[in-house]
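Trainee: I would like to go through the labels used for this model and ask what stands behind each of them. Please set every value against its definition.

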Amino acid sequence: MTSSDPNAGLPVMVIIGGGAGGLELATRLGNSLGRKRRARVVLVDQSPIHIWKPHLHEVAAGSLDIGLHRLEYAAQARWHHFEFQLGRFIGLDRPNRSVTVSAMPDMDDQPMLPRRTIRYDQLVLALGSTINTFNIPGASEFAIALDSPGEAERFRQKLVAACIRASARAEAGKTSLVSIAIIGAGATGVELSAELRNAARVLHAYGIHGMDPSRDIRISLVEGAERILPGLPERISESVGVLVAKLGIDILTGEKVTRVTALGVETASGKS
Ligand SMILES: Cc1cc2nc3c(=O)[nH]c(=O)nc-3n(C[C@H](O)[C@H](O)[C@H](O)COP(=O)(O)OP(=O)(O)OC[C@H]3O[C@@H](n4cnc5c(N)ncnc54)[C@H](O)[C@@H]3O)c2cc1C
């Protein structure tokens, strides 16, 4: 910061994480304090774009285009009078009131932004959460956690590739089943299972005409509790269960996953 910097001397509010909580906070603080130059509001995120997480199952199923629904933090910052710093939060120095943000390479892995230290007067950590695999062998290696746009996009690409392979097998007169196991029948798992049934349109766009998604894509919803949507009232689990079953989705409740391999999911009761 130079002495000609209009923000020099202002209290610095640093928000780490531009998710549902952090982005909203940075936007509101920017509109109030940033706009009136009463504070320098800084948002830090490891990604240059925000995607509303409740859309991730649609990204994974290919029914929502990330390009149309993403928000560039830098643009939001300009519109709402805050500053955006791209980088991964890697250190906190509370006595000196500063955070360390990692260096960031560009898309060709060339150095783009250096490692930085940002001083703060007030700090908000809004880093969200990550999926807990409960140390189940193979889970972090072979399963995809639907937790970020990158993972949702990776799932979509793997699904399309599996369907292209199955379609080629079908044309050669071989079995063409694509089997998807969703571990966890909470809101995200249930929504994803239903959304995947809408995959037909997407497959058509990829030129996969030989497959019938309702017949050739098998979707299994595996849940450790005795019912799907265990966090919601029983009557909701029951009515959603009827709808999900009507979509042709296999529901396996009371099944605790013990191992994930490259070929499948194994449960405590011995199912595979
Ligand atoms: C598939 C899915 C569907 C959901 N559907 C719903 C729904 O329908 N309704 C509902 O109310 N909730 C839903 N949720 C939950 C909701 O998305 C979360 O409760 C909410 O996003 C939490 O907000 P947050 O700001 O705490 O964290 P997040 O939104 O997770 O944001 C965390 C941010 O921190 C950044 N970050 C993390 N680590 C670092 C680091 N080291 N350095 C820099 N940046 C970092 C991330 O890039 C991210 O931008 C859903 C979640 C998922 C995954």
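**Labels and their grounds**

Mentor: Phe-134 sits in the loop that runs between β11 (122–125) and α5 (139–142). Helices (H or I, at least four residues) and strands (E, at least two) are DSSP runs, numbered from the N terminus. The model is predicted, so local features need pLDDT of at least 70 and side-chain atom pairs pLDDT 80 or more, while totals for chains, interfaces and linings use all residues. Residues are numbered from 1 along each chain as its sequence is written, and side-chain values use heavy atoms, leaving out hydrogens and water.

Trainee: Why is Phe-134 called exposed?

Mentor: Exposed means over 50% relative accessible area, buried under 20%, and partly exposed in between (1.4 Å probe, protein chains only). Phe-134 has 64% relative accessibility, so Phe-134 counts as exposed. Its phi, near 50°, is positive although the residue is not glycine.

Trainee: Which other residues of that loop can be set against the cut-off?

Mentor: Thr-130 and Ser-129 are both placed in the loop between β11 and α5. Thr-130 reaches 69% relative accessibility and therefore counts as exposed. Ser-129 has a relative accessible area of 54%, so Ser-129 is exposed as well.

Trainee: What makes the phi of Asp-109 worth a remark, and is Asp-109 buried or exposed?

Mentor: Its phi is near 70°, a positive value in a residue other than glycine. Asp-109 belongs to the loop between β8 (104–105) and β9 (111–113). The relative accessible area is 61%, so Asp-109 is exposed.

Trainee: What makes Ser-98 buried?

Mentor: Ser-98 has a relative accessible area of 10%, so Ser-98 is buried. This residue is part of strand β7 (residues 98–101). From Ser-98 to Ile-217 there are 119 residues in sequence and 51 Å in space, C-alpha to C-alpha.

Trainee: And why does Asn-7 count as buried?

Mentor: With a relative accessible area of 18%, Asn-7 is buried because of that value. Asn-7 lies in the segment before β1 (12–16). Between Asn-7 and Ala-143 the distances are 136 residues in sequence and 46 Å in space, C-alpha to C-alpha.

Trainee: How do you know that Asn-7 and Arg-37 make a polar contact?

Mentor: A polar contact is a pair of N or O atoms within 3.5 Å; within protein, one must be able to donate a hydrogen and the other to accept it, and residues adjacent in sequence count only if both atoms are side-chain atoms. The side chains of Asn-7 and Arg-37 are joined by such a contact at 3.4 Å.

Trainee: Which residues come nearest to the ligand?

Mentor: Being near a molecule takes a heavy atom within 4 Å of it. There are 20 residues around the ligand, and Gly-19, Gly-21, Asp-45, Lys-53 and Phe-89 come nearest. Helix α1 (residues 20–34) gives the largest share of this shell, three residues.

Trainee: What do the polar atoms of Asp-45, Lys-53 and Phe-89 do at the ligand?

Mentor: A polar side-chain atom of Asp-45 is 2.7 Å from a ligand oxygen atom, and one of Lys-53 is 2.9 Å from an oxygen atom of the ligand. At Phe-89, a polar backbone atom lies 2.8 Å from a ligand nitrogen atom. The ligand exposes 1000 Å² when taken alone, and the protein buries 67% of that (Shrake-Rupley method, 1.4 Å probe).

Trainee: What does the whole chain look like in numbers?

Mentor: The protein chain has ten helices and 16 strands. Of its 272 residues, 38% count as buried. Along the principal axes, its C-alpha atoms fill a box of roughly 75 × 40 × 30 Å.
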